[in-house]
Amino acid sequence: MFRGGVTGFRPKSIVSSTVSDSHTWNLIFMQLLLEEMGHEVVNIGACVPEELLADACLEHRPDLVVVSSVNGHGFNDALGLIRHLRAVPGLERIPLVVGGKLGVDGVRDVGFTRRLLNEGFDAVFAEHELGGFREFVSARGLRAVS
Amino acid sequence: MTADVDTTRPSFGDFVAAAQRNGHLVVQPRMGFGDLERMRAGLVATRAADAVSVGTLTLDSYTRTGDHEAARRALADGVKLNGYPIVARPDHETVELLDGVRDVAFPVQVRHGSSRPQDIFRTLTRLGLEATEGGPVSYCLPYSRTPLREAVDNWVESTELFAGSGADGRRPHLESFGGCMLGQLCPPSLLVAISLLEGVFFRQHGIRSVSLSYAQQIHPAQDEEAVLALRRLAVEYLPDTQWHIVFYAYMGVYPRSPRGAALLMEQAARTAVRAGAARVIVKTEAEAHRIPTVEENVRALEVSARAAETAGPPVTEAGESGVLAEARALVEAVLDIDPDIGRALPRAFERGRLDLPFCLHPDNRGQARSYIGDDGYLRWLSTGNMPIPVPVDSAVPSRLTADALLTMLHHVEQRYDRAT
Ligand code: B12
């Protein structure tokens, strides 16, 4: 997947909420952040059913899918989401990360995080881990090169 | 503490009116838990709080989006929900939950956030619950990707069902969420206009007791002006309706420190009283972090009630930054399209006569933008096709960066966290 060094490469990413989450300021923020890292971003918006996200992935073939949720159902919704997406032919290996305020208790649920990783997420970020997210994007070679 | 009302069945509108006559601001939490015992404890504690309070059942996100199966599964699997799943739970559980807590001296309101609320309204009417919240626009654009036309149809059906459930003129009660929309960075005139229009929409579909909302923004003087504008328009547009103003404590990114959160809540309660609102919905010191506990909610109710007592005299004249004129222009532009508000609203958004800044919903045009002025007022940067001229001294629109967005979103948080 190493893409660095190829001039003119412009990564494409999808920013999406989960099925039950209607918050959008987080999505707008993640879109701007990725655009500033040189990405072309498709922002799917709020309350995204799993099928809709799968269709969008098949249509846009993104280099990265960023799921953002803050309503407290994130862990639970992301579990359903990753099981659905990983079972769709063509999406078995598409890079997928999730982050935000994922539970209702304000703490990282270690068990849930492990389950999400086991089910196929490439990374799970807590709300303050934007630095880690940037490093992840760079390490995957998903920064635009001009 | 409770306000005296002389009816035998709970009437939310009468309760609030009586409290206002007696000089008490009604305080209300945004409380909702998936767990029955916790929810019950929350209602009992709200009632017992040292304040004139009303109770709340805030519903969870699965119920809001109509996925009652997911709510049932979560209950069965012990997954914690962000609210009370009133449809997924058998009716008898909700009856028991409210038994001996809810009565004429302690009305309970259901708050949800659903663009497809028919199941919720059917459940409410079955259970005899007389007060809830929402609106065809305010529960669609911030809460869903449902097409606005569909949301309007859903809300017509639901409002009419609700109106038929106890139509004695003072029950049932419906509150517009229009004064909040995305919670932050929407200039007051648009909030006032949407709230008013939804109130008239409820009236057109048979509801005779409504509340109009307005959420605290970033400048107390601008907020006072907005609430006075909303009251003025309500007098004109809701002549044969029982109405009051409900003021929401700040709905955007919250101070992280308990002290900053308390200061912001106190400001909300004072502004509410000064501007003539009858009820305030509080936030808590946990807002920035997680779902608040029962104790945090009670603390917030009492902090707000104490602040309300020292608010000082009501203001009769607010500053003139143009909120009333802008709101009136927006309301008239919508009514010009069609006097039937339900028919007018989707077209108004389609034509950009109403246009909500920073809203990702597909039916919103997205040509309007706002910014925070040097004077601390929330201002228009561009107004697209809305009937509002952009002031000549307005800032120059530039490309929005992630940092600039965060700075605006954290303006209030920073101010109050640093004041501590
Ligand atoms: C504004 C707001 C709303 C608005 C949203 C409008 C809209 N369409 O966006 C309204 C009022 C409509 C709303 C509704 C609800 N809300 Co709300 N809301 C907020 C509030 C006040 C601010 C959110 C915000 O704008 N943040 C600004 C953005 C930029 O920050 P952020 O979202 O935190 O994202 C940052 C990080 O989390 C992180 N991040 C986010 N995603 C990702 C992804 C990755 C990969 C990475 C690395 C990082 C990352 O980076 C971002 C920048 O720092 C917060 C509380 C607060 N923070 O003060 C509550 C809050 C998020 N809401 C909450 C809830 C529960 C709801 C409701 C379910 C109602 C309820 N039961 O109380 C409904 C949602 C219904 C639904 N179907 O989901 C809870 C969530 C609880 C939890 N997680 O424990 C909060 C925390 C409030 C609370 N304490 O109860 N809300």
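Predicted model: local features only at pLDDT ≥ 70, side-chain atom pairs only at ≥ 80, totals over all residues.

**Chain B: helices H9 and H12**

- Helix H9 (residues 220-237) of chain B and helix H12 (residues 323-337) of chain B have axes that come within 9 Å and cross at roughly 40°.
- As for handedness, H9(B) and H12(B) make a right-handed crossing.
- On the H9(B) side, the residues in the contact are B:Glu225, B:Ala226, B:Ala229, B:Arg232, B:Leu233, B:Glu236 and B:Tyr237.
- Facing them from H12(B) are B:Val323, B:Leu324, B:Ala327, B:Arg328, B:Val331, B:Glu332 and B:Leu335.
- Sorted by class, this contact of H9(B) with H12(B) has 9 nonpolar and 5 charged residues, with no polar ones.

**Chain B: helices H2 and H11**

- Helix H2 (residues 36-48) of chain B packs with helix H11 (residues 294-309) of chain B at an angle of about 20°, and their axes are 10 Å apart.
- With that angle, H2(B) is roughly parallel to H11(B).
- H2(B) passes H11(B) in a right-handed crossing.
- From H2(B), the contact takes in B:Arg38, B:Ala41, B:Gly42, B:Ala45 and B:Thr46, which meet B:Val294, B:Val298 and B:Leu301 in H11(B).
- Those residues split into 5 nonpolar, 2 polar and 1 charged.

**Chain A: the sheet**

- Chain A has an open sheet of 5 strands, in the order E2-E1-E3-E4-E5, with parallel pairing.
- Its edges are strand E2 (40-45) and strand E5 (123-126) of chain A, each of which pairs on one side only.
- Ignoring direction, neighbouring strands of the sheet are turned by 20° against each other on average.
- E1(A) and strand E3 (residues 64-69) of chain A are joined in the parallel sense by 4 bridges.
- Across that pairing, A:Ser13 sits opposite A:Leu64 in E3(A).
- Helix H5 (residues 130-139) of chain A lies across E3, strand E4 (96-100) and E5 of chain A, and runs at about 155° to E5(A).

**Chain A: helices H1 and H5**

- H5(A) also has a helix partner: the axes of H1(A) and H5(A) come within 12 Å and cross at roughly 45°.
- H1(A) and H5(A) are therefore oblique to each other.
- H1(A) goes past H5(A) in a right-handed crossing.
- A:Phe29, A:Met30, A:Leu33 and A:Leu34 in H1(A) meet A:Leu130, A:Phe133 and A:Arg134 in H5(A).
- The contact of H1(A) with H5(A) counts 6 nonpolar residues and 1 charged, and no polar ones.

**Chain A: the cobalt site**

- Which protein residue provides a donor to the cobalt atom of the ligand? A:His23 does, through NE2 at 2.2 Å, and that is the single donor from the protein.
- A:His23 belongs to the loop between strand E1 (12-16) and helix H1 (25-36) of chain A.

Key. Residues numbered from 1 in each chain as written. Chains lettered and ligands numbered in written order. Heavy atoms only, no water. Donors = N, O, S within 2.8 Å, 3.2 Å for Na, K, Ca; no water. Helix = DSSP H or I, 4+ residues; strand = E, 2+ residues; numbered from the N terminus. Axes fitted to C-alpha atoms, helices over the stretch in contact; angles between N-to-C directions. Left-handed = near helix turned anticlockwise from the far one by under 90°. Contact = heavy atoms within 4.5 Å. Nonpolar A, V, L, I, M, F, W, Y, C, P; charged D, E, K, R; others polar. Pairing = 2+ DSSP bridges. Parallel < 35°, antiparallel > 145°, perpendicular 65-115°, else oblique.
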